[in-house]
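Subject: Structure for you to look at

Hi,

Here is the structure I promised to pass on. Have it open while you read, and my notes on what turned up in it follow below.

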Amino acid sequence: MNADQLKQQAALAALTHVEEDSVLGIGTGSTVDLFIDALAAQKLRIRGAVSSSERSTTRLKRHGIDVLDLNTTGELDLYIDGADESDRHRRLIKGGGGALTREKIVAAASRRFICIADESKLVGVLGKFPLPVEVIPMARSYVARQLVALGGQPVYREGFVTDNGNQILDVHGLSIVDPVTMESEINQLAGVVTVGLFARRPADLLILGSPNGVQTI
Ligand code: 5RP
């Protein structure tokens, strides 16, 4: 099975957790794209979705799914999103697609967070995937120096602007043995908008597509 088939497996398994009349939070990425397509195909009646990116908004609207403003919905029933890495505690690295800030907001505003991915995303220790950090443009070099002091090698994601008008540093070379502490430390740097560690609010369920079938953690 190829990676897309494994992602599809996870996306379909997540559909079984969606209840009628619920309001969903929708993440961003190729796995979420498959989830959106499967949701639309199943024609389950949901009240609508809060989207974490312009990319997902476009796809949801194309399928005729109502995209709602988080300021009007209250707490969301369920958030579905992918990840770049997950450990066995469902602590994640996210932001490969650059949507980390809105993803973190929607995750925080949701009662339940289900992460969907192919099995290659499961790791022992987070950090092989470069950790994305969204920064206010004028703070980029300052934040980069602080990230070096924390042991990382930040690389400016050139030519990329987030949906919020900011920039991304991808931090290489980290071995994140204490993701909760690192998330707090990086969050506190002046000029950081969001760090792509989702450890203080991990996923509640991780659904992994694998050649042996779906695994849940
Ligand atoms: C976007 C993300 C995505 O969830 C992450 O990059 C995984 O994407 P994919 O499903 O394409 O592997 O965090 O900001």
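S7 (131-135) and S10 (192-195) pair in the antiparallel sense, over 3 bridges. Helices here are DSSP runs of H or I with at least four residues, strands are runs of E with at least two, and both are numbered from the N terminus. Two strands count as paired if DSSP finds at least two bridges between them. In this pairing, Glu134 has Thr194 of S10 as its bridge partner.

Before going on, two notes on what you are looking at. This is a predicted model, so to speak a computed one, with residues numbered from 1 along each chain as its sequence is written. Local features need pLDDT of at least 70 and side-chain atom pairs count only at pLDDT 80 or more, while totals for chains, interfaces and linings use all residues; side-chain values use heavy atoms, with hydrogens and water left out.

Back to S7. It is also joined to S9 (167-172), by 5 bridges, and these two strands run antiparallel. There, Val135 has Gln167 as its bridge partner.

How many of the residues of S7 are buried? The count is 5 of 5, where buried means under 20% relative accessible area, exposed means over 50%, and partly exposed is in between (1.4 Å probe, protein chains only). In a regular strand the side chains alternate between the two faces of the sheet. In S7 both faces are covered, with Leu131, Val133 and Val135 on one side and Pro132 and Glu134 on the other.

Next, have a look at helix H6 (residues 140-149). Its buried residues are Val143, Ala144 and Leu147. Why do they sit on the same side of H6? They cover an arc of only 105 degrees around the axis (taking the directions from the helix axis to the C-beta atoms). The general rule is that an α-helix has 3.6 residues a turn, so residues three or four places apart point the same way. The face of H6 turned away from the buried side carries the exposed residues Arg145 and Ala149. The cover over the buried residues includes S7, S8 (153-156), S9, helix H7 (179-187) and S10. After H6 comes Gly151, with a positive phi near 100 degrees.

Leu189 ties in with this helix. It lies in the loop between H7 and S10 and is buried, with a relative accessible area of 15%. Leaving aside neighbours within four places in sequence, Leu189 is in contact (heavy atoms within 4.5 Å) with Val143, Gln146 and Leu147. Leu189 and Val143 are 46 residues apart along the chain, yet their C-alpha atoms are separated by 6.9 Å.

There is also an open sheet of 6 strands, in the order S2-S1-S3-S6-S12-S13, with mixed pairing. Its edge strands are S2 (48-51) and S13 (215-216), each pairing on one side only. Inside that order, S6 (residues 110-118) and S12 (residues 205-209) run parallel and are joined by 5 bridges. Ile116 stands opposite Ile207 in S12.

Now the largest pocket. A pocket is an open set of points on a 1 Å grid over the protein atoms alone, where a 1.4 Å probe fits, with protein on both sides within 12 Å along at least five of seven lines; lining residues have an atom within 4 Å of a point. It is lined by 18 residues, and Thr28, Gly29, Ala83, Asp84 and Gly97 lie nearest its centre. Helix H2 (residues 30-42) gives the largest share of the lining, 3 residues.

Is Ala83 buried or exposed? At 8% relative accessibility, it counts as buried. Not counting residues up to four places away in sequence, Ala83 touches Leu92, Ile93, Lys94, Cys115, Ile116 and Lys121.

Ser53 is buried at 4% relative accessible area, and its contacts beyond four places in sequence are Thr28, Ala99 and Asp163.

Best wishes
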